[in-house]
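Thanks for coming. I have one model to go through today, and I will keep to what can be read from its coordinates.

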Amino acid sequence: MRKTVAIGFLGTVLDLGRRARRWQKWRPTVSLCTQPDMPVDRLELLYPPDYDRLANRVREDIVELSPRTEVRLTPVEIGNPWDFEEVYATLHDFARGYAFDVDAEDYLVHITTGTHVAQICWFLLAEARYLPARLVQTSPPEHSDDGPKGPGEISVIDLDLSRYDRIAQRFTRERDETVSFLKAGIATRNARFNALIEQLERVAVRSRAPMLLVGPTGAGKSFLAKRIYELKHARHKLAGPFVEINCATLRGDAAMSTLFGHVKGAFTGAQSARAGLLRAADAGLLFLDEIGELGLDEQAMLLKAIEEKRFLPVGADIEATSDFQLIAGTHRDLQRMVSAGAFREDLYARINLWTYDLPGLADRREDIEPNLDYELDRFVEANGERVRFNVEAKRRYLDFATSTHALWPGNFRELSASVTRMATLSDAGRITEANAVEEVTRLRRSWRSGDTESSRVAVLLGERAAEIDLFDRMQLEQVLRVCAAATSISEAGRALFAVSRANKKQPNDADRLRKYLARFGVEWDSIASLR
């Protein structure tokens, strides 16, 4: 049989009683140990050292009424019983030092006695499982002239919420609603993306650590960062604003000033002080899109600001402070940039705790249809005109959009533009098959001619891109991304062959890369047009 162990404070007022009159008074600690339906094998009674006499009297009375109950007295020194921090720290130390044996004993924490602060702390410790215990509340019985009629009533509260069906169902429903919110209500079907969003939802409400969103241009990094902010703000996790900047727009001295601010007179033209984006994001969320575009100096300053919440504005002698949460976005392979010396390893380690790789639209073809409906609803909301596909038009468009012939280099941003064009050119609020055919032709021509700068293969190869298998085209696209970010063919080669080069005595990364590009008729000098 498992033993029942109760833990609680001595009630310096409620447990008080003198001489024989104490038997005519209901005392919660005594009541706890004299319940006929829940006998207590051991009571751990915490008490202020000044109340040693009362604690011993209560122990003697319990032993008299319930001989099976062992009472252990533990003096606990709390200077201010209404100081939440002090009380919690004291009880936390008690819990950490106690030898719990959950295989042999059941634990109860008595919350009837003690200050309200102590009761709250007991609850928090039990809910966090520092105390593997259920909460127990005692209440007095009916009273007569002869004293209380019996030991009173007892209520046990189990904080294992999974045992309460309706509560569990409510939490599940709220989690589903939150996941739907992050997806803007779009009924996405891609299993990988749905699993990503479900985990991201849990992290967003539980953690303030930096997040890293990785994905191609137009994959929805900025949109998702804003939804995460709105979720955390609604849950009162963040009180400050959402601040966003694309780091690719920051160049030279302006980068430092934009991010970290400057003082008046810091440089020519600095006629007034500037707070900077990091200070603007205080208590809020800072989204740095394309963080891989930051220079090494800015990266070093950012790392200090993330870790210490302090940084030095340009030209300042005194550090500024800002407590913000960071979400970073990038389409680059930061790990390879670290290997190439273009991104700080310590900063990458700091922002790589929660990394989410957002798949592009071409990798989520099953989600094109629900996103098509979402984009059309957005157009209707923005323009105040009801527009819908007819059946044949939608079928014709989706047959192409979900096929392997659809490259979608601009991802969801490109899909949005495509829907906008069809809706704008529609008559009487109906997108016809003719509209769909015209748009499909436009997309084919755009990708074939390389009008979109997102498709590097199309830009370099033109019509020859259509002659390359999808497998090779996708691989070449990623190689060209790395090449476009590098300053030399050797740098690009080191990044692309960072693993295999370690096994070669005399690695010639530049020659390997030049031979690979030659297979597709691409010369290194031509890649300059992609930068």
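Some ground rules. This is a predicted model, so local features need pLDDT of at least 70 and side-chain atom pairs count only at pLDDT 80 or more, while totals for chains, interfaces and linings use all residues. Residues are numbered from 1 along each chain as its sequence is written, and side-chain values use heavy atoms, with hydrogens and water left out.

Two strands count as paired if DSSP finds at least two bridges between them.

Strand 9 (residues 211-214) and strand 15 run parallel and are joined by 4 bridges; M211 stands opposite W354 in strand 15.

Now the salt bridges. How many does the structure hold? The count is 33, where a salt bridge is a side-chain nitrogen of Lys or Arg within 4 Å of a carboxyl oxygen of Asp or Glu.

One of them joins R27 and D61, with the closest N and O atoms 2.8 Å apart. R27 is in the loop between strand 1 and helix 1 (28-32), and D61 is in helix 2 (residues 52-65), so the pair ties together parts that are 34 residues apart in sequence. Are these two buried or exposed? R27 is buried at 4% relative accessibility, and D61 is buried at 1%. Buried means under 20% relative accessible area, exposed over 50%, and partly exposed in between, with a 1.4 Å probe and protein chains only.

R22 is found in the loop between strand 1 and helix 1 and is buried, with a relative accessible area of 15%. Leaving out residues up to four places away in sequence, R22 touches G17, R27, R57 and D61. Contact means heavy atoms within 4.5 Å.

R42 and E44 also meet in a salt bridge, at 2.9 Å from N to O, and both residues are buried. They belong to a network of salt bridges that links R42, E44, E70, R72 and E105. For another setting, take D346 and R344, whose side chains meet at 2.8 Å, N to O. D346 is partly exposed at 33%, and R344 is partly exposed at 29%.

On the surface, F84, I120, F123 and L124 form a nonpolar patch with about 330 Å² of accessible area together. Helix 4 (residues 116-127) gives the most to the patch, with 3 residues. I120 is in helix 4 and is partly exposed, at 44%. Patches are made of residues with over 30% relative accessible area and no salt bridge, like charges being joined within 9 Å and nonpolar side chains (Val, Leu, Ile, Met, Phe, Trp, Tyr) within 5 Å. The areas come from the Shrake-Rupley method with a 1.4 Å probe; for residues, only the protein chains shown count as cover.

Last, helix 19 (residues 489-496). It is mostly covered, with 6 of its 8 residues buried: I489, E491, A492, G493, A495 and L496. The cover includes helix 11 (334-339), helix 18 (470-485) and helix 20 (509-518).

L496, in helix 19, is buried at 15%. Not counting residues up to four places away in sequence, L496 touches R336, V479, V482, C483 and L513. From L496 to C483 the C-alpha distance is 8.9 Å, across 13 residues in sequence.

Conventions: Helices (H or I, at least four residues) and strands (E, at least two) are DSSP runs, numbered from the N terminus.
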